[in-house]
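Below are some notes for a colleague who is meeting this structure for the first time.

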Amino acid sequence: MKKLLSNALISAAILTPAIFSPVSAADEVKIGFVTTLTTGGASIGQDQEKAVNLALKHIDNTMGGKQVNLIMADDGFKPEVGKQATDKLVKQDDVDFVAGYIWSHVLLASRKSVLDAGKFLITANAGPSPVAGKLCHENFFSTSWQNDQTPMAMGETLNQKGVKSLYVMAPNYAAGKDMVAGVERTFKGEIVGKDMTKWGKDAQLDFSAELAKAKASGAEGIFVFYPGKAGPAFIKQYQQAGLRDILPLYTVFTVDSLSLPKLQAGGMEGVLGSVSTQHWGPDLDNAANKKFVDDFRKDYGSYPSFYAAQAYDSILLIKSAVDAVNGDLSDKDGMRAAMEKASFASVRGEFTYGNNHMPIQDFYSRTVVADEDGNWTTHIDKVVLDDHQDVYAADCKL
Amino acid sequence: MEASLLLIQLLNGLQLGILLFLLSAGLTLTFGIMDFVNLAHGSLYMLGAFICASLTQLTGSFALAALLAVPLTALCGLLIEMVVIRQLYSRNHLDHVLATFGLILCLDTIAEIVWSPAGIAIALPDILNGQLEVLPGVVVPVFRLLIIAVGLLAAAGLYLLVNHTKLGMLIRAGASNRTMVGALGVDIKTLFSGVFAIGAALAGLAGLLVAPIAEASIGMGNEIIITAFVVIIIGGIGSMKGAFIAALLIGLIDTLGRSYLDDIFKLIMSNEAAETAAPAISAMLIYLMMAVILAIRPQGLFPASSR
Amino acid sequence: MVKQAMLNITELTAHYGSSQALFGMSLQLNEGEVVTLLGRNGMGKTTTLHSIMGIMPSIGGKVTGGSIAYKNNNVTGNAAYKIARLGLALVPEGRQIFPNLTVRENLIATAANRQKHKQVWSEERVLSLFPPLAERLSSMGNLLSGGEQQMLAIGRALMTNPDLLILDDATEGLAPLVRNEIWQSIAQLKQQGLSILLVDKNLKDIMSIADRHYVVEKGTVVWSGNSQKLEHETWVRDKYLGV
Amino acid sequence: MSETKLKNNSKPRPLSFWINAILLLLLAVVPPILFITGQPFWLDVFTRLVILALAATALNLVLGYGGLVSFGHAAYLGLGAYAVGIPTYHALYGGMDAIASFNGFLHLGLAVLVSALFALLTGAISLRTRGVNFIMITMAFGQMIFYAIVALENYGGDDGLTIDVRSEFPLISLDNPLTLYGLCYLSLLMALFIVYKITRSRFGLTLQGARSNEERMRSLGVNCYRYQLVAIVISGAICGYAGFLLGNFSTFISPEMMDWTRSGELMFMVILGGAAFLCGPIFGAAAFILLEEVLRDVTIHWHLPFGLLLILSVLFFRGGLSGALDRLRSQGDKP
C-alpha cells in the first residue's frame with residue numbers, strides 16, 4: 001500500500017506531461033467548439049454538434065487545403081467550467097479558432113482567455129450587449145445576433161398586429177433582461193405586467209402564479225422568453241391554464257425545432273399559431289439553407305434548430321477565412337479581413353458584418369404550423385426588420 | 001389584488017406545498033427514522049418522472065403509466081438501499097452526505113445516458129388538460145386540482161399508515177429506539193428497506209405529478225431537494241406533522257412572494273428598485289424564513305418529540 | 001449423558017472498543033428454571049444479557065469469544081431479531097418503553113407468536129396480569145409512572161410469546177408496594193412454566209423466586225448455587241454483593 | 001484521534017510527516033516545471049488546486065477540528081472574489097470612489113474583512129443550532145449570499161463579472177502565472193502553519209474538546225460557543241482570502257462559485273483527505289481536481305465514474321486518504 005501510493009504519486013508527476021503534451025501539427029486547422037454536452041442543456045449542444053459535423057461533411061473536412069481537427073468541449077452549463085474548457089483548448093490544444101457558446105455567461109467568462117491568446121472567437125449563439133458594444137474585439141465574430149434584436153423585431157411585429165397591451169415574462173438573468181428591454185424598445189402599446197422569474201440551476205418551472213396574474217391583467221397578448229427546457233414547460237402550463245384563446249402567445253427563442261417535437265408529443269396544440277421572431281427559419285428560401293435543412297433532416301431525422309443553423313454557419317465562416325489565406329494560419333490579418341466580408345453561403349442568406357462584427361441581417365416573424373407530414377415547425381410570414389443592426393454597435397470603438 | 005386572483009394563488013401555493021410534502025415525507029421517513037441524510041432523494045423524484053414519461057409513451061395512457069411508475073420507483077429505491085445505503089446507516093451524517101452526493105452524480109448520468117439529456121414531455125388525456133371553474137371567476141387547470149387531490153390523498157394515506165397500522169407503529173418505535181425494536185424480534189434491516197421504498201414511492205409520485213407540468217428532465221430533483229430539506233428542517237426533523245405544515249407554509253410563501261412581493265415593494269420604493277429587489281428577495285424568501293425560524297427555534301417548529 | 005441446558009453459555013468474552021467487559025463467562029439455564037445473575041454494578045451482568053440478546057453491536061460492543069447456545073442452536077453473533085424470534089424476550093434496564101407509542105401500541109407493535117404456543121399472550125391476558133395498565137391503554141408511553149412502565153415492558157415482552165424471559169433490573173427505582181406487585185407477577189409467570197433469567201439487586205425478593213444464582217465479578221462467574229446454598233454461605237454476600 | 005497524533009509528534013518523524021512533506025515539495029516543484037516545459041494549462045490546474053486546498057484547509061479548521069459541518073463555505077470564496085471584482089470594476093468604469101481601486105492590499109483587506117464579518121454574523125446565529133440543523137442553516141446563509149449577488153445587476157448578476165485587471169502589488173505582477181502560483185502556494189503554507197499553531201494551542205485543544213464532548217466542556221465551565229465562533233471567523237477570513245486568490249486567478253467571477261454544490265465540493269475535499277488532519281484537505285483537493293481533470297478527458301459522462309469513486313471511497317476508505325495513511329502508520333508502529 002505504502003509502495004503503491006508513492007509509486008502513484010511519482011508516476012503521476014512524471015507521466016502527466018507525457019500523456020497530455022500537445023500534438024503540434026501545423027498541417028491542420030484546429031477548431032475548438034465549446035457547447036453544452038451534459039446536463040439538461042445538452043440537447044442544444046448536441047444539436048449544434050450535429051450541425052458542425054454536417055458542415056464538416058459538406059466541406060469534406062478541409063479548409064484551405066488542410067484537414068480540420070475539431071475538438072468538442074463541454075461547458076456543463078456553467079461559466080466556470082466553460083472557461084476551464086476554453087483555457088484548455090487555448091493553452092493545451094493550441095487551437096486556431098474557438099467557436100460555439102450557447103450561453104451569455106459562459107461566453108463572457110471565456111472570451112478573455114481566447115482573445116488574450118490572440119485566437120479568433122466565433123460565437124454561435126450568445127450575444128450579450130457588452131460583446132457588441134464596449135467589449136467588442138477585432139478577433140471576435142458572431143454568427144448569431146445581439147440579444148436585443150430578436151425581441152425588437154417582436155415589438156415591431158406586435159405593433160403591426162395592432163396589439164395594444166402586453167404581459168411580459170422572462171427569466172431573471174442578463175439575457176432575460178435584454179429580451180425584455182428589446183421588446184420594450186420597439187413596442188408602442190402598454191406593458192400591463194411583467195414577471196422576471198427565478199433562473200439558474202434551481203430555475204422556476206412552475207408558472208401557475210404568474211399565468212394567473214397574466215390572465216387577470218386583461219392584456220391582449222403575452223410575450224415570453226424561455227430558452228431550453230423552460231420553454232416547453234411554460235407552453236404546457238399556458239395551454240393547461242386555457243389561455244390560448246384569451247391571451248395570444250408571442251415568443252422569442254422559446255419555440256424552436258428542439259421544443260416543437262416535444263410539444264407535439266405532449267399534445268400541446270396551444271402553441272400552434274403562436275408567433276415568434278427570428279433571423280432564420282428552416283423554411284427560409286435559399287440554396288444553402290435548403291441543402292442544410294434537407295441533409296440535416298436526412299441524417300438526423302428532425303428539423304435543425306436555430307442553434308444548429310448558427311453552428312453550421314460558424315464552421316463555414318471559419319472556412320471562408322482559412323480559404324482566403326490558403327491555409328496560412330499565421331496570417332491573422334488576412335483571415336480577419338476575409339471574415340469581415342461575410343463572404344460565405346450563410347443559411348440565413350446574404351448578410352454583412354457591422355463594425356462590431358455582429359451580423360447586420362433581416363429578422364422575420366414566424367408562425368407555428370404543421371408541415372405536410374404533420375410535423376410541427378415554423379413558417380416565415382414576412383420580414384419585420386430589414387438589414388437590422390444592433391444598437392450597441394455605436395459603443396464599439398472598432 | 002382582487003379576491004379571485006388571491007384565491008387562485010392560494011391554490012397554486014397549496015399545490016406547490018403538497019408536492020413539497022410528498023418529497024419531504026420521504027425525507028422525514030429516512031431522516032427521522034433511520035437518521036440517514038439522503039441527498040439522493042431528489043434522484044428518485046427524477047426517476048419517477050422519467051419512468052412515468054417512458055411508460056406513457058409506451059402504453060399511451062398516463063393513468064396506467066402513473067400506476068406502474070410508483071411501484072417501479074419504489075423498486076429502484078429498494079435496489080439503491082440494498083446496494084449502497086444499507087452499508088451507511090452506522091456512519092455519521094458527513095459520510096451520508098458524501099456518498100449520496102456521489103449517488104446523485106451517478107443517477108443523473110445514468111438517466112442522461114438512458115433517456116438522453118433532452119428530457120421528455122408527458123402527454124395528458126384531454127380531460128386533464130382542461131380547466132375547471134371552482135368558484136365564479138376562479139378558473140383552475142384540472143391537472144393542478146388533481147395534484148392537490150392526489151397529494152392530499154397520499155398525505156391521508158401516510159397518516160393512516162403511520163398512526164393506525166402495525167407497520168406505522170414499528171416505524172415510530174424504530175424512530176425512538178431501534179435497538180429495542182430489534183430485540184423484540186423485528187428485522188430492522190427489512191423494516192428500513194421497506195420504509196426507504198415507501199419514501200422512494202412518494203418521491204416518485206411527486207416526480208410523476210410534476211412531469212406533465214414541467215417535463216421529466218435530468219437533474220430536476222437536485223433543484224427541489226434543497227427546498228425539501230428546508231421544509232423538514234423548518235418543520236422539525238422527524239416530524240411528519242411538521243413536514244406537512246412546513247411544506248404548505250413554504251409553498252404558500254413562495255407562491256405569494258412571487259405574486260405579490262413586487263406590488264408590496266412598489267408601495268415603499270421606486271418601481272425600478274422594486275422590480276430589481278422583488279425577484280431577488282422572493283428567491284431568498286424561504287432561506288430567509290429558515291434562518292429566522294432556526295434562530296428563534298433551533299429545533300424547528302415541531303420537534304420530533306411532539307410528533 | 002448430561003441433559004443439555006435450555007440456555008448454555010460457555011467461556012464468553014466481550015469487548016467495548018479496546019476495553020474488555022466479559023472474561024470467560026459461563027452459565028446454564030434449564031427449561032422452567034428461574035436463574036439470577038448477581039453482582040455489583042459494572043461487573044458484566046447487563047453485558048451478558050446484551051450478549052445473549054445479540055444487541056452488543058448496536059450499542060458499540062462486540063462478542064469476541066466463547067459461545068451462546070439456545071435450545072441447541074449456536075446463536076453467538078446472530079442478529080438480535082433472529083435471536084428474539086427463537087423465543088427469547090428482553091425486558092431491558094430502564095424499561096425503554098417506546099415513548100411515542102400508546103400503551104396499547106407498545107403491546108401490539110411487536111406482538112407475535114413464532115413458537116406457535118397454544119396459550120397465546122393476548123392484550124387481555126397481559127391486562128389481567130397487570131390490571132393497572134387497563135386504564136392507561138391510550139396514554140402515551142412516556143406519560144406512565146415507573147411501575148406502569150415496568151409492567152408495560154414485561155407485557156410487551158410477553159406479547160412476543162417467549163419461552164425465555166430476560167429481565168434486567170426489573171424493580172430498580174420502584175416503590176416497595178409496586179415492587180411486590182411485580183414480583184408476584186413474575187412468580188405467576190414461573191408457575192405458568194416460563195423460564196426466566198434475571199438480574200436484580202433485591203436479594204430478599206429473589207431468594208424466594210429463583211432456583212439458582214450466579215455471582216458475577218469482573219466479567220466472570222465467581223460463585224454459583226441454589227438459594228439455600230446462598231443463604232448459608234454468607235461470605236459470598238459479604239465479599240461480592242456488598243450487603 | 002488527535003491525541004494520538006499529538007503523542008506521535010514527540011516521537012521521531014512518523015511516516016505521514018514524510019508523505020506530507022513530499023506532497024508539499026511536489027506542489028512546490030512540479031507545477032513550475034510543467035509550466036516551463038510548455039504545459040501552461042497544467043499550471044492552471046495546479047493553481048486552482050492549491051487555491052481550493054487553501055479554502056479546504058480553512059474549512060477543515062471548523063469541520064475537522066471543530067466538528068462543525070459548515071455547508072456554506074463557498075460563500076466566503078465568493079465574497080473574497082467579489083472583493084477583487086467590485087473595486088476593480090469601479091476603478092475601470094467609475095462610481096463608488098471609496099473602494100474603486102486596483103490596489104491589491106485593499107482587495108485583500110476587503111476580502112478578509114468582509115468574510116470575517118459575514119462569518120461573525122452568520123456564525124453567531126448558526127451556532128444556536130446543532131447537528132443537521134447547523135448544516136442546513138449554514139447552507140441557507142450561503143444561498144442568501146448567492147441570491148444577493150445574483151440581484152446585483154451592476155456587477156453582472158447571474159452572468160458574472162469579468163475581472164479585467166488583476167490586483168496590483170508593488171514589485172510583483174499577478175499577471176505572471178508563475179508569480180501567481182507562487183503566491184498561492186506560499187499562502188497555502190502560511191494557512192497550514194496558522195491552522196497547525198491553532199490546533200496545538202489551548203484554544204485549538206478546547207475547540208477539539210468541544211467537538212468530542214461539548215457537554216463535558218460546558219460542565220468544566222468552558223464557553224464552547226465563543227471558541228466555536230472565533231474558529232468560524234478565522235476560517236471564514238482564510239476562506240475569503242482564498243476567494244481573493246481565486247478571483248485573481250480565474251479573472252471571472254459569478255454567483256455560480258457560491259452555489260451550495262461548491263460548498264459541498266469543499267466539504268468533500270476535506271472528508272476525502274481526512275477531516276482533522278493538517279494536510280488532509282490538500283490530499284482531498286488534489287484527488288478531487290486531478291480526478292476530475294483526468295476523468296473529463298476520458299468521457300463526457302465523467303460524473304458517473306466520479307460519483308462511483310466517491311461512493312466507494314466512503315464505503316471502503318474511512319477517514320479519507322490521510323486516514324489511510326494513519327492506519328498505515330499505526331500498523332507500522334505496532335511491534
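1. Between chain B and chain C there are nine residue pairs in polar contact, both residues at pLDDT 80 or more; such a contact is a pair of N or O atoms within 3.5 Å, one able to donate a hydrogen and the other to accept it, and residues adjacent in sequence count only if both atoms are side-chain atoms. On the side of chain B that touches chain C, the elements giving two or more residues are α7 (166-176) and α8 (178-183) of chain B, and α7(B) gives the most, with six residues. Helices (H or I, at least four residues) and strands (E, at least two) are DSSP runs, numbered from the N terminus.

2. The model is predicted, with local features needing pLDDT of at least 70 and side-chain atom pairs pLDDT 80 or more, while totals for chains, interfaces and linings use all residues. Residues are numbered from 1 along each chain as its sequence is written, chains are lettered from A and ligands numbered from 1 in the order written, and side-chain values use heavy atoms, without hydrogens and water.

3. One salt bridge is counted between chain B and chain C, that is, a side-chain nitrogen of Lys or Arg within 4 Å of a carboxyl oxygen of Asp or Glu. R172(B) and E105(C) form a salt bridge through their side chains, at 3.0 Å from N to O.

4. In chain A, six strands make an open sheet of mixed pairing, ordered β2-β3-β1-β4-β5-β6, where strands pair if DSSP finds at least two bridges between them. Strands β2 (62-63) and β6 (140-142) of chain A are at the edges with a single partner strand each, so one side of each has no neighbour in the sheet.
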